[in-house]
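Take a look at the chain below.

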Amino acid sequence: MKITSEEVRHVATLARLDLAQDEQERLAGELDRILEYMDKLNELDTDGVEPLSHAVDVVNVLRPDRVVNQPRTEDLLRNAPARDDDFLSVPKIIE
Amino acid sequence: MSYETVIGLEVHAQILTESKIFCGCSTRFGEAPNRNTCPVCMGFPGVLPVLNRKVVEHTIRTGLATHCAIARHSRWARKNYFYPDLPKGYQISQYELPLCTGGHVDVSVDGAAKRVRLTRIHMEEDAGKNIHDARGDHSLVDLNRAGVPLMEIVSEPDMRNPGEAGEYLRTLRSILEYLEVCDGNMEEGSFRCDANVSLREAGNEELGVKVEIKNLNSFKAVEKALEYEIRRQGQALSEGGAVVQETRLWDPDAEVTRSMRSKEHAHDYRYFPDPDLLPLEIDEEWVDEIRATLPELARERQNRFVEEYGLPAYDADIVTQRRDVAEYFEAAVKAHANPKAIANWLMGDLFRVLKERRLDAALRIESWPVAAADLARMVRLVDEGTISGKLAKTVFNEMMETGKGPDAIVKEKGLEQVSDTGALDAAVDEVLAACAAQVEEYRAGKEKVFGFLVGQVMKATRGKANPQMVNEILRGKLQG
């Protein structure tokens with residue numbers, strides 16, 4: 001086993017997922033099989049091959065420093081689950 | 001047991017741009033809540049960030065001015081965590097391949113040179129703002145700041161006391177201001193600092209357990225928080241205890257640091273390259289282009305002011321701490337070549353008024369109440385004997401209040417210095433007649449009374465008499 005239930009629980013906590021015991025075990029098995037499949041890539045000889053972080057061969061996509069957006073607070077806040085005046089409203093944050 | 005303090009600082013400096021780092025929203029401070037937002041910086045699904053060119057250029061500028069290596073290849077990473085001010089659930093930042101690495105900042109601490117090495121400078125987006133206390137049962141979020149461009153400037157743990165940390169910050173802020181890449185305003189949060197501090201036994205090479213201090217909103221807060229934390233850790237260690245690695249918040253009212261016991265901030269950010277943003281490739285040509293635009297920085301300018309204008313090192317240091325002040329000074333000196341007098345007015349009266357009116361936070365020459373040319377003209381009026389040094393203060397205050405030029409004020413208020421012998425003669429005679437008793441005392445050998453008599457003449461002429469001439473005339477008459 002590459003992935004333990006413990007690791008699944010850790011990742012689930014970080015991702016704010018609440019998983020039942022049977023889900024944790026099932027996911028550990030599924031993730032394990034995915035990683036095993038990825039191991040196939042390790043069979044390739046990648047010596048002297050630059051690591052790639054993007055699939056497209058394009059760099060330096062830049063825009064000029066100009067303000068082009070008009071304020072549209074109303075439209076945007078209409079998509080929020082909850083609002084309070086012009087603020088987004090979220091459950092009380094306790095520091 | 002004696003301990004050595006080890007301090008490293010992380011500065012988040014807002015990069016001076018019109019628009020945000022990945023979208024065309026304004027970065028203006030103080031707008032109505034959520035006015036500077038769009039689907040990109042609010043983290044709506046399906047949007048694509050596009051990088052602001054100026055963010056890259058300003059960061060390269062900063063890297064060059066602090067002697068960093070500029071990376072040929074650089075890329076973006078996602079830093080994953082949940083917090084209500086972070087709408088996407090990740091912050092776009094840089095991780096393995098930051099734009100600038102290495103480098104250093106030279107500071108002067110009580111006259112001694114000190115070099116603080118830099119680990120890296122990388123670019124990232126700011127988060128929004130949470131408001132906790134406005135409502136009882138829920139918190140409010142304003143995303144105007146989300147996506148505002150930042151540089152994170154990370155130092156090596158090279159500082160050994162709070163004074164060095166303070167000087168490093170002041171020097172760094174001055175560099176950013178000279179480069180015009182950050183306005184350095186700590187109150188508005190455009191220059192923020194987190195401090196890492198640990199103690200180790202003197203002579204030990206290994207670093208002790210460090211504590212990170214947040215919420216440092218002024219230079220004073222940084223120094224005070226470090227002093228407190230050094231005391232706290234020193235006490236814990238000398239009592240045989242241990243320092244716990246943690247993040248603590250500075251409470252400026254109680255002047256203590258407090259543990260932030262939040263499990264939410266587990267330092268497990270699962271960084272990975274951001275697939276939405278393409279890598280950067282910076283060629284030598286681009287770097288050279290930016291290098292060619294670097295201005296003369298504070299230290300170089302300070303040396304030049306000493307050599308070129310004969311200013312004392314202390315004056316040159318103060319006058320060059322901010323680029324706009326240095327430029328104001330030079331403009332005034334060009335108009336009238338009395339650097340020392342101009343520096344005195346600048347450091348004394350002008351700075352005091354700027355502080356009182358709270359203009360010092362966003363010091364911009366355009367908003368100064370006295371133009372450089374007017375200050376120079378006023379100093380010239382004193383040097384040429386048109387007004388007395390004493391009345392110059394009146395003229396200066398009037399310039400502050402009304403924005404009028406010094407000549408107009410002198411004329412309007414009739415402040416021209418009286419250097420006419422006949423008029424002064426008469427004034428001295430009047431005083432001598434009125435103060436017969438004091439004249440007797442003087443003649444009996446009480447030299448001090450002379451000053452009193454000069455004062456009486458100045459008073460009688462409402463400060464307009466030329467003091468040197470009054471001295472001469474008075475002495476002549478008393479001896480005669």
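How many positive and negative side chains does chain B have, and how far apart do the centres of the two sets lie? Chain B has 62 positive and 77 negative side chains. The two centres lie 3 Å apart. Lys and Arg count as positive, Asp and Glu as negative; His and the chain ends are not counted. Each charge is placed at NZ of Lys, CZ of Arg, CG of Asp or CD of Glu.

This is a predicted model: local features need pLDDT of at least 70, side-chain atom pairs count only at pLDDT 80 or more, and totals for chains, interfaces and linings use all residues. Residues are numbered from 1 along each chain as its sequence is written, chains are lettered from A and ligands numbered from 1 in the order in which they are written, and side-chain values use heavy atoms, without hydrogens and water.

Now the fold. Chain B holds 15 helices and 18 strands (DSSP runs, numbered from the N terminus: H or I of at least four residues, E of at least two). Its radius of gyration, taken over C-alpha atoms, is 29 Å, well over the 23 Å that the globule rule gives for 480 residues, so chain B is more spread out than a compact globule. That rule is 2.2 Å times the number of residues to the power 0.38. The C-alpha trace spans about 95 × 55 × 55 Å along its principal axes.

Finally, an open sheet. Three strands run in the order E6-E5-E17 (chain B), with antiparallel pairing (at least two DSSP bridges between two strands). Strands E6 (90-93) and E17 (272-273) of chain B are the edges. Four bridges join E5 (residues 77-80) of chain B to E6(B). Asn80(B) has Tyr90(B) as its bridge partner.
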